[in-house]
Each structure stands twice: as structure tokens, then as C-alpha cells.
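Let's walk through this model together, one residue and one pairing at a time. Keep the structure open beside you as you read.

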Amino acid sequence: MQIQNQTVVSMRYIMKNADGDIMEENMNAAPVQYVHGAGTILPSLESSLYGLKAGDRKSVYLSAASGLIDMDLSFEVIIDEVRSALKEEISQGYPLKVNISKCRPGCDC
């Protein structure tokens, strides 16, 4: 399945500033999830991920000149999973929480 509006995307990323300093990273942690098209991540990052699928990697550069962010940023993104969003997730604008009581040892829930 490809990333499109009303899909839940799980991704890992490294975000760097213009000097190459790491600002955020979750490559060795649980993926971040969001509902594509809900406007919960930077719009220019969200639009650049459209059409990707699980296993895809992408480098994204966001310029402060756009006026949408305060500094130039670059992202290295890995898409871990793409699935259809549930009706409740679409109406809320964010993915449902995993029931942690069902997690197994070693699970990234």
C-alpha cells in the first residue's frame, strides 16, 4: 500500500539542521505514526512522502525560505508500515494507541 490521504504511516527518521547536527532521531526506537493528510506533521514533509510504501527510504530537504519553518532542515526517512486508517483515526486525526497489555517481551509497542 502506498502513502495517501487517510492512511496511517509508521516511520523512523533522522532530522538534521543546516550544519548537519542531529536535532531528532528515532532510528533505534519505535516508529512515529501519523494519519497522512490530517496535518499533524510539517506539510512540506508530509507532501514529500506521498506515494511511498513500506521499506522505502527518502531524503527530504525543507528550506526556511518557505516561511513555514524557522531553519533549514533535512530528513532521512524510512517508511516502516502503511495501512488504511480506521474511521475513528480519520475523524480524530491521529492513530489509535496500541493496547500495551497485549505486548510481548521485546515488542516495540
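Start with Thr 7, which is found in strand β1. In this predicted model, is Thr 7 buried or exposed? With a relative accessible area of 1%, Thr 7 is buried, because anything under 20% falls in that class. You can see its surroundings by picking out its contacts beyond four places in sequence: Thr 7 touches Met 1 and Gln 2, then Tyr 34, Val 35 and His 36, and finally Val 82, Arg 83, Ser 84 and Ala 85.

Stay with strand β1, which spans residues 7–17, and move along to Tyr 13. The model holds one aromatic pair, and its partners are Tyr 13 and Phe 75. A pair of aromatic rings is described by the distance of the centres and the angle of the planes. Phe 75 sits in strand β5 (residues 73–84) while Tyr 13 sits in strand β1, so the pair ties together parts that are 62 residues apart in sequence. Both Tyr 13 and Phe 75 are buried.

Now turn to the charged side chains. How many salt bridges are there? The count comes to three. One of them joins Asp 80 to Arg 12, with 2.8 Å from N to O. Here again strands β5 and β1 are linked: Asp 80 belongs to β5 and Arg 12 to β1, and the two residues are 68 apart in the chain. Asp 80 has a relative accessible area of 29%, so it counts as partly exposed.

Next, have a look at Glu 89 and Arg 83, a salt bridge whose closest N and O atoms are 2.7 Å apart. You have met Arg 83 already, among the contacts of Thr 7. Are the two partners buried or partly exposed? Glu 89 is buried, with a relative accessible area of 0%, whereas Arg 83 is partly exposed at 26%.

The remaining stop is the salt bridge between Asp 56 and Lys 53, where the closest N and O atoms lie 3.6 Å apart. That distance qualifies because the cut-off is 4 Å. Lys 53 is partly exposed, its relative accessibility being 42%.

Notes. Residues numbered from 1 in each chain as written. Predicted model: local features only at pLDDT ≥ 70, side-chain atom pairs only at ≥ 80, totals over all residues. Heavy atoms only, no water. Phe/Tyr/Trp six-rings, centres within 6.5 Å; stacked < 30°, edge-to-face > 60°. Helix = DSSP H or I, 4+ residues; strand = E, 2+ residues; numbered from the N terminus. Buried < 20%, exposed > 50% of the residue type's maximum accessible area, 1.4 Å probe, protein only. Contact = heavy atoms within 4.5 Å.
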